[in-house]
Amino acid sequence: QVRLVESGGGLVQAGGSLRLSCVVSGRSFSDHAMGWYRQVPGKERELVARISSEGYRDYPDSVKGRFTISRDIANNTVNLQMNALKPEDTAVYYCAAGRHPAILIPDANYWGQGTQVTVSS
């Protein structure tokens, strides 16, 4: 059974940093894309970072230059370093493991349970 467990969320002041981690068990995703999404109540879940099986990374403009995704294939872990946090980054953050080497398809992803990130102004 595939399981994704996030950690590292919490409360931080604007301008601060947090590092989220996601440990995957049940199978290896070394040849699949992984990513981080976030969601606030009443809005669609938003992709904030993606890393392909070959290490290609991309981000939406809203977090580019502030967020960095990385993966540790040996430990089946994906991390999200978040710097210069803003109040609008407040959301529940979800780790996702895809079924394709390069892309993530929300309806097909494996998901973690989510971790709350709150950025105070």
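**View 1. Cys-22 and Cys-95 are both buried, where buried means under 20% relative accessible area, exposed over 50% and partly exposed in between (1.4 Å probe, protein chains only).** The model is predicted, so local features need pLDDT of at least 70 and side-chain atom pairs count only at pLDDT 80 or more, while totals for chains, interfaces and linings use all residues. Residues are numbered from 1 along each chain as its sequence is written, and side-chain values use heavy atoms, with hydrogens and water left out. Cys-22 and Cys-95 form a disulfide with their sulfur atoms 2.1 Å apart, a disulfide being a pair of cysteine sulfur atoms within 2.5 Å. This pair links distant parts of the chain, 73 residues apart, with Cys-22 in strand β3 (residues 18-25) and Cys-95 in strand β9 (residues 91-97); strands (E, at least two residues) are DSSP runs, numbered from the N terminus.

**View 2. Phe-29 and Tyr-110 form an edge-to-face aromatic pair, 5.4 Å centre to centre and with 70 degrees between the planes.** Rings of Phe, Tyr and Trp (its six-membered ring) pair if their centres lie within 6.5 Å, and planes under 30 degrees apart count as stacked, over 60 as edge-to-face and the rest as tilted. Phe-29 counts as buried at 0% relative accessibility, whereas Tyr-110, at 21%, counts as partly exposed.

**View 3. Ring pairs link Tyr-37, Tyr-94 and Trp-111 into a cluster.** The charged end of Arg-45 sits over the ring of Tyr-94, 3.7 Å from its centre, by the rule that NZ of Lys or CZ of Arg is within 6 Å of the ring centre and within 35 degrees of the ring normal.

Terms used. Helix = DSSP H or I, 4+ residues; strand = E, 2+ residues; numbered from the N terminus.
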